[in-house]
Amino acid sequence: RRFSGFQPLSSWMLDLLAHYAILNNPLRQALPLTSAFRRVLQLLSAGFFLPGSAGITDPCESNSVRVHTTMSLEDQDLVCLTAQTLLRVLSHGGHKQILGIEGNSSIATEMSVWDGVVVNPLERAYEKPPDVTGEEDMEQEIF
């Protein structure tokens, strides 16, 4: 995979996401490749695979399991922030760098400039809460 921020996405998740992005539109007609590519980044950057989102129901699982629930919260956040950064690069003409025709994959993790517009990678929004040990629990109960 070209961008490490998309590592948590399985090939099954990508297949379902591509199908959703291409066919779920008002006209119910398949989108052209360029529009579908942008739409995938838009869906991911809008939080489609974040907790509480609609996401995509896995058609092979019972009980309406969302495919993104197999990722940790940190991974869900990483996918979202990577997509947000790449969408900003794409919006300013960086399609060749995203596709790997020019440059390298550092555009998702390092600052880049596109026609005078500076694109800084985003920082994580989710921070894992600190682990609480048993000793601290006992101290809290006493006081």
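No disulfides turn up anywhere in the structure: a search of the whole of it finds zero, where a disulfide is a pair of cysteine sulfur atoms within 2.5 Å. This is a predicted model, in which local features need pLDDT of at least 70 and side-chain atom pairs count only at pLDDT 80 or more, while totals for chains, interfaces and linings use all residues. Residues are numbered from 1 along each chain as its sequence is written, and side-chain values use heavy atoms, with hydrogens and water left out.

**Cysteines**
- Cys-60 counts as exposed because its relative accessibility is 61%, and exposed means over 50%, buried under 20% and partly exposed in between (1.4 Å probe, protein chains only).
- Cys-80, at a relative accessible area of 6%, is buried.

**Nonpolar core**
- The largest nonpolar core has 26 residues, a core being a set of buried Ala, Val, Leu, Ile, Met, Phe, Trp, Tyr and Cys residues joined through side-chain atoms within 4.5 Å.
- Two or more residues each come from α1 (11-23), α2 (33-45) and α3 (73-91), with helices being DSSP runs (H or I, at least four residues) numbered from the N terminus.
- Helix α3 gives the largest share of this core, six residues.
- Phe-6, Leu-9, Leu-44, Phe-49 and Leu-86 have the most contacts inside the core, contact meaning heavy atoms within 4.5 Å.
- Leaving aside residues up to four places away in sequence, Leu-86 touches Phe-3, Phe-6, Leu-41, Ile-98, Ile-107 and Ala-108.

**Surface**
- Leu-99 lies in helix α4 (residues 95-99) and is exposed, with a relative accessible area of 52%.
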